[in-house]
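Please read it alongside the sequence and the coordinates shown here.

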Amino acid sequence: MCTLNRTRYFATRMIAASVVAGCALTPSPTPYQPASDLHGYTDEALAEDLFRVGFRGNAGTSQKDVEDSLFRRMVEIAETKKAGSFSIVGRETTCTTTLRTTPETTCIYHQSADTTFPYYFGIYELESPWHSSPKREYEAVATIRLSSETDCGDYRDCFVTSEARASIGSDSE
């Protein structure tokens, strides 16, 4: 009886330690903030009405959260510049997968998340005994053109700034 209780005790302690270790290895999602240590949002004015906007998440940030944060930043830029609407001229989401294949080698694998024009490059060794779990990070980048007009017509990649703000909610302010 005593051996069974001791075994249960140690088994419970091992499971608890494993859970704590697993939680420590999974990073918290990247908060919505200016980029620091490569993660967060960036923007650059290319012309008076043209901006390149980006958001890069860490391994704890989903593709959807990265794309939602990118859209939020687009809306903020349009509001700051008092634009009636903005159009997405171009956009892309990429996934970078990093994994360890030997004690000395870390390989990086890049893949476009665009299903229309997918691409990939890199090294991916699945047979290595040192193969680690892949760490995936998403980055979304877009170029937007601001307009004083509040009518987008039939253009599907055009957003009226006030409607875009309403769609993401006021808690994002």
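In this predicted model, the side chain of Glu-76 makes a polar contact with the side chain of Tyr-32 at 2.5 Å, where a polar contact is a pair of N or O atoms within 3.5 Å; within protein, one atom must be able to donate a hydrogen and the other to accept it, and residues adjacent in sequence count only if both atoms are side-chain atoms. Because the model is predicted, local features need pLDDT of at least 70 and side-chain atom pairs count only at pLDDT 80 or more, whereas totals for chains, interfaces and linings use all residues. Residues are numbered from 1 along each chain as its sequence is written, and side-chain values use heavy atoms, with hydrogens and water left out.

**Glu-76 and its helix**

- Glu-76 lies in helix H2, which spans residues 63-80; helices (H or I, at least four residues) and strands (E, at least two) are DSSP runs numbered from the N terminus.
- Glu-76 has a relative accessibility of 14% and therefore counts as buried, a class that means under 20% relative accessible area, with exposed meaning over 50% and partly exposed in between (1.4 Å probe, protein chains only).
- Glu-76 also meets the side chain of Arg-72 in a salt bridge with an N to O distance of 3.5 Å, a salt bridge being a side-chain nitrogen of Lys or Arg within 4 Å of a carboxyl oxygen of Asp or Glu.
- Arg-72 and Glu-76 are separated by about one helical turn, because they are four residues apart in helix H2, and both Arg-72 and Glu-76 are buried.
- Salt bridges that share partners join Asp-43, Arg-72, Arg-73 and Glu-76 into one network.

- Glu-67 counts as partly exposed at 25% relative accessibility, and Arg-91 counts as partly exposed at 45%.

**Overall count**

- By the salt-bridge rule, the count comes to ten salt bridges.
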